[in-house]
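Hi there,

Here is the structure I promised to pass on.

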Amino acid sequence: MSRPILEVKNLSTSFFTDDGEVKAVRNVSFELFPGETLGIVGESGCGKSVTAMSILGLVQRPGKIVSGQIMFKDKDLTKVSAEELRQVRGRDIAMIFQDPLSSMNPVLRIGFQIDEAMKAHNKIQKDDIAPRGIELLKQVRVPDAERRIKDYPHQFSGGMRQRAMIAMGLSNRPEVLIADEPTTALDVTVQAQILELLRDLNQDMGMSIILITHNLGVVAGLCKRVVVMYAGEIVEEGPVEQIFENPQHPYTWSLLRSLPRVDSNRQERLRSIEGLPPDLIAPPPGCEFNPRCPFRIEKCFSEDPELEPIGNAQHVACWVTMTRAFAEMGAATITDTRPGAASGVRPPKDLLEVVADLRTLAEPEVLETLAQDPALLEKLSQEPAALERLNEDHPAVIEKVIENLSDD
Amino acid sequence: MTSATLTTPVTRPEPTGEPLLRVVDAVKHFHIGVGGWLKAVDGVNFEIMPGETLGLVGESGCGKSTLARLVTQLLPVTSGQVIFDGIDLTTLRGEKLRQQRKQLQMIFQDPYASLDPRMTIGDIIAEPLVNFGLLRGRHKDAKVQELLKVVGLNPYFNNRYPHEFSGGQRQRIGIARALALNPKLIVCDEPVSALDVSIQAQIINLLEDLQKEFNLTYLFIAHDLSVVRHISKRVMVMYLGKIVEVSPSEELYTSQEHPYTKALLSSIPVPDPRIESQRRLIELHGEIPSPMNPPSGCHFHTRCPIAQVPGICADEEPPLEEKAPGRFAACHFSEKVRTELTALPGGA
């Protein structure tokens, strides 16, 4: 295989907020080969957009690239000067965004904004700029381009605006196009048109595309290779057919099974993923997916799995993998998708979790539990933070603890 | 306390019998600017049987949310009738309408905008009970806790504020509020569109469980056909203020009677690369025309791949007719939809 055009190595990006360091992207590595379509999928907050922003140096304070390299043509984009990065941005790597309306200047004509992108870089000859603007609009199939190039953004519909934005992205003939949720704001019939356009750009012009989306269907239709992200990390990576047919990470597997499919038997109950994605300020120890994973084992609570090859160009970060879950835990027939349901492994409870459990109980029950467990009461009296949390729901508990202390 | 106290004992209704909701020739035109009329809903007829889920899909601007607001009478109709439980809601005013609304609740799309950030979730859920003066004091609090339990939230969360909850949890709060008055019909307007994929499934399953438990009837509105098809027994497809097709959802993917339905289905990406690689897109040219000035004849003829223009499609509006048992479509050339438009892959 040829050399990758873009290589992200061990990228970590954090946001330093008042509440603490939000580790939005942690140790992410992937490659993009020339002419390839790579999908990055994940739910909101998984770090997919921050990864893209990091590539182009668009992460703003309080965000910061903490470590890692972004290699583009033997240049590390995390090390180059702001001016050098500006030269790359839009000229070699272009990006299109989810919301075309807020990404455009409402008081400037569409044509001006497309031309502006070309004037910013000296890649296109001055005399060619105006005709190229019209040609680009035609290329992205905006009808009546000669007239519409003089329109303002509000005169364009949502789909047309997204086309105009793609035209802007293409204006300097970039080698890489990063599309961040390009069709999320659009209706399905318009989405189909835009995806068709991106497919043609890739096939006819050989443009490399990174498509960032939460829609697994869009990835299945457009991408050759896919990276699945969860809680700031890559959990699985590989060729699209393999990942969809034989997902190895329980998250990928669960995600594919939780989707209602238009072509499936509707009687079947959806297998939801219980719980919520973790807090990125204090992610759980071990594997990030362990609080929601039906197949977790003891090791998942203490050690974070690395992304490892499992043959056939597929990589997965999981101690169990679905092959084993099928063989040992009956994943094929599983109907209960609660955390630990298939493996029967419960997490070792820390004090805060015990407190969280206690908070769900009624006050008399809490007091009874404490009366039966002096060790817990002792621990609580030493942890003011935990006690404070319990106090929010059960003020009587504090009295009990104080009582206990004075007994000593 | 069990959830059975929320409603009278559940008996599954007969599939035949009186519909719970009947919408007859509903029309809603908005007056816009100088002399313009926006025909948001333009002559819509449908019925929902008790205990049924009727799905409504369409692209943005097709009038589906306006229709939801006509059903709940949050907007008055321009003409037509909304007959709920045998009573025409459009003839009611004031207190009489308010009393009927108890039976008719709504769940909204945006779980952030639909909850007052300055009220505790206990107060939010209890508000309908307070409005109608139904429960007070301890009984009210007990009911709120019971509702929280029913929607899968911790009953002791009632003193917290909406900002402490995630999108999916907020949607559960919205559902609890809708259940507070033991309604017969719940209009769900895009209830899962704003949620992440893994949370969507949780809420869809919850809505299905609640339907079984409390014998609810849903009008389920969404732009995502796969979600609508999953939850509904029948699916209604809307285009530019009109119903173009009604079909049992079992049959919808395998055969279509209206070219728009077929094109819509062909546009939906399926999370399976094998199916995707053989997918034949029926590409619709352009975008949905303005409802201020809809096309003549069949509203869809400007984008239809099989329209006869000039001809009957541009001149005559097709009525919504029964093309096959239980399947209705508004198209002059339904038989051509089957033969001339290429089939969808993977349909079994």
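**Chain A**

In chain A, 64% of the contacts with a separation of 6 or more are between residues 24 or more positions apart; two residues are in contact if their C-beta atoms, placed from the backbone, lie within 7 Å. Before going on, please keep in mind that this is a predicted model, in which local features need pLDDT of at least 70 and side-chain atom pairs count only at pLDDT 80 or more, while totals for chains, interfaces and linings use all residues. Residues are numbered from 1 along each chain as its sequence is written, and chains are lettered from A and ligands numbered from 1 in the order in which they are written.

Chain A has 16 helices and twelve strands (DSSP runs numbered from the N terminus, with helices being H or I of at least four residues and strands E of at least two). Its C-alpha atoms fill a box of roughly 90 × 45 × 40 Å along the principal axes. Of the 408 residues in chain A, 45% are buried. Here a residue is buried if 20 or more other C-beta atoms lie within 10 Å of its own, exposed if 12 or fewer, and partly exposed in between, with C-beta atoms placed from the backbone.

One backbone detail to look at is the peptide bond from A:R61 to A:P62, which is cis, with omega near 5 degrees. You will find A:P62 in the loop between α1 (48-55) and β4 (63-72) of chain A.

**Chain B**

Chain B contains twelve helices and twelve strands, and its C-alpha trace spans about 70 × 50 × 45 Å along the principal axes. Buried residues make up 48% of chain B. Residues 24 or more positions apart account for 65% of its contacts with a separation of 6 or more.

For B:D25, in strand β1 (residues 21-32) of chain B, phi is about 45 degrees. B:D25 counts as exposed because it has 12 C-beta neighbours inside 10 Å. For B:L240, phi is near 45 degrees, and the residue sits in the loop between β9 (234-239) and β10 (242-248) of chain B. B:L240 is buried, with 24 other C-beta atoms within 10 Å.

**Where the chains meet**

The contact takes 40 residues from chain A and 40 residues from chain B. On the chain B side, two or more residues each come from α6 (197-214), α7 (225-231), α8 (249-252), α9 and α10 (273-278). The most come from α6(B), with six residues. This side of chain B divides into 18 nonpolar, 13 polar and nine charged residues (Ala, Val, Leu, Ile, Met, Phe, Trp, Tyr, Cys and Pro count as nonpolar, Asp, Glu, Lys and Arg as charged, and the others, Gly among them, as polar).

One helix pair spans the two chains: α7 (residues 188-205) of chain A packs with α9 (residues 259-267) of chain B at an angle of about 50 degrees, their axes 8 Å apart. The contact is made by A:V188, A:T189, A:Q191 and A:A192 of α7(A) and by B:A263, B:L264 and B:S267 of α9(B). These residues divide into four nonpolar, three polar and no charged. Axes here are lines fitted to C-alpha atoms, for helices over the stretch in contact, and angles run from 0 to 180 degrees between N-to-C directions.

Best wishes
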